[in-house]
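Reader: Hi! Could you walk me through this fold and its side-chain contacts?
Author: Happy to, let's take a look together.

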Amino acid sequence: MDWRRVLLFLQRRQDLLDAVVFSGGEPTLQEGLPAAMDEVRHMGFRIGLHSAGIKPAAFGHALVHADWVGFDVKALAEDCQLITQVKGSGAANWRSLDLLLHSGVDYECRTTVHWHLIDPQRLLLLAQRLQERGVKRFAVQLVRTARMLDEQLPSVSAQACCQNCGKKCGHCSRHLFYGVEPFAQPLSSVATELPPDLQRCCPLWAGIHQGAYDMTRLTTARRIAIGFAIAPLALAGMALYALHDLGTLKQQSELIVQQDWPKIAPIMVIATGVRDNGRNTRDLLIDQDNQAAQQAIGTTRQRITDAFTQLEPLFDTAAGQAAYADLKKHREAYVGAFTQVQALIRQGAHAEGVAQLKQNVQPAEQAVFKSLEAMMALQGQIFAEREHAAQTLYSDARRNMLGLFLLCVALVVAAAVIVTRSVTRPLGGEPDEAARVLSQIAQGDLTR
């Protein structure tokens with residue numbers, strides 16, 4: 001459909017409709033979405049957005065133009081690929097959710113449930129994760145199975161029986177809404193990486209294997225004690241390696257929490273503040289006695305200034321500092337332009353004020369938004385790099401942890417074999433059997 005026809009339609013609906021929702025499909029895949037949203041806002045409509053945030057950078061660009069977002073949470077981040085069949089879709093979906101929660105924009109999170117893809121336990125865990133993230137509004141809607149594109153998915157109704165609880169899945173969903181979580185299982189995961197000093201263990205293993213540690217020099221009690229001690233020592237070693245990598249993951253998390261995420265809040269404050277002051281200035285052109293608009297302009301200007309003060313020290317790279325300087329320059333031009341409009345309004349020169357608004361304020365406002373979009377793109381690149389580093393660390397840790405586990409199993413088995421042989425060989429067999437034979441010999445029975 002021609003966009004001009006859409007605008008003509010909306011012009012006929014001015015003063016009849018309150019808001020326009022940009023939906024899809026996935027609307028953020030359209031490069032012209034932010035400009036279209038801003039164009040509709042200038043017509044006096046509030047803006048809604050339906051999105052699953054499959055492209056966090058594009059979602060962030062559109063988010064600053066929205067008043068409300070209906071956000072589609074596909075599933076737990078680790079389960080999204082099963083549903084979307086797209087690698088990395090879970091990380092993108094949940095990264096966009098974090099952008100939404102930090103933006104201050106009103107929202108509702110939704111999840112569409114097909115019981116063949118999301119069982120009640122995973123749904124309850126999803127609700128827990130969202131609550132921990134700070135989500136306040138979460139809606140669950142059941143899939144309509146009458147018309148599905150994937151013919152391989154069975155048409156499982158909402159009344160399908162849950163094998164785990166023995167009741168209907170509708171029962172499990174009601175527990176979700178009532179805040180009761182009878183099926184939630186506490187989850188824990190420990191990713192570890194094998195430190196370089198693992199090689200120090202190899203001589204010890206070789207010494208034991210080659211008989212360098214002569215078990216015959218030890219008492220039986222000490223041999224057994226060594227055998228029992230191997231298992232907890234191996235577990236302790238695995239725990240130390242786990243703590244080592246947890247420390248590395250903690251450092252990664254601290255970088256995100258202390259350096260990366262704190263930038264998002266002031267950026268959103270600046271974006272919404274510029275948008276609000278533009279709207280308040282236009283309101284003054286309509287009614288110069290609008291005291292609420294005049295007060296809001298001053299308050300918002302101070303809020304933006306405070307956000308700039310908070311944002312400046314957070315950029316420690318050349319690219320970040322350049323992006324900040326560009327944003328600050330365009331903001332100063334924007335403030336100067338709409339300050340002139342305010343002066344013209346106070347003088348009663350409405351026509352000149354309107355001309356100033358069109359010629360200077362709106363271009364300056366667009367320049368500010370472009371600077372903000374460039375800054376968000378830079379942040380998106382930083383987050384992508386963090387994600388890649390974390391994924392690499394996780395993959396290495398998983399591989400090394402598996403290797404360490406197999407090594408510990410081999411060590412325990414080898415210790416068990418060595419201790420057992422060191423006890424049974426000198427006796428010629430099992431201790432009980434040897435004791436019985438010795439008892440018979442002591443009684444004079446030499447038949448065996």
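Author: Two strands pair if DSSP finds at least two bridges between them, and helices (H or I, at least four residues) and strands (E, at least two) are DSSP runs, numbered from the N terminus. This is a predicted model, where local features need pLDDT of at least 70, side-chain atom pairs count only at pLDDT 80 or more, and totals for chains, interfaces and linings use all residues. Residues are numbered from 1 along each chain as its sequence is written, and side-chain values use heavy atoms, with hydrogens and water left out.

Reader: Ok, in which sense do β1 and β2 pair, parallel or antiparallel?
Author: Parallel: strand β1 (residues 19-22) and strand β2 (residues 46-51) share 4 bridges. Valine 21, for one, has glycine 48 in β2 as its bridge partner. Right-handed means that, with the strands pointing away from the viewer, the path from the first strand over the helix to the second runs clockwise.

Reader: And how many bridges join β2 and β3?
Author: There are 4, again in the parallel sense. Leucine 49 is partnered by valine 69 in β3. With α3, these two strands make a right-handed β-α-β unit.

Reader: Switching to rings, how many aromatic pairs are there?
Author: The structure has 3. Rings of Phe, Tyr and Trp (its six-membered ring) pair if their centres lie within 6.5 Å; planes under 30 degrees apart are stacked, over 60 edge-to-face, the rest tilted. One of them is phenylalanine 59 with phenylalanine 71, edge-to-face at 5.5 Å centre to centre and 65° between the planes. Phenylalanine 59 is in helix α3 (residues 56-63) and phenylalanine 71 in strand β3 (residues 68-72), 12 residues apart.

Reader: Are those two phenylalanines buried or exposed?
Author: Both phenylalanine 59 and phenylalanine 71 are buried (under 20% relative accessible area; exposed is over 50%, partly exposed in between, with a 1.4 Å probe and protein chains only).

Reader: Nice. What about salt bridges, how many?
Author: The count is 12, each being a side-chain nitrogen of Lys or Arg within 4 Å of a carboxyl oxygen of Asp or Glu. Arginine 129 meets glutamate 78 at 3.2 Å, N to O. Arginine 129 is in helix α6 (residues 120-133) and glutamate 78 in the loop between β3 and α4 (80-84), so the pair ties together parts 51 residues apart in sequence.

Reader: How accessible is glutamate 78?
Author: Glutamate 78 is partly exposed, at 46% relative accessible area.
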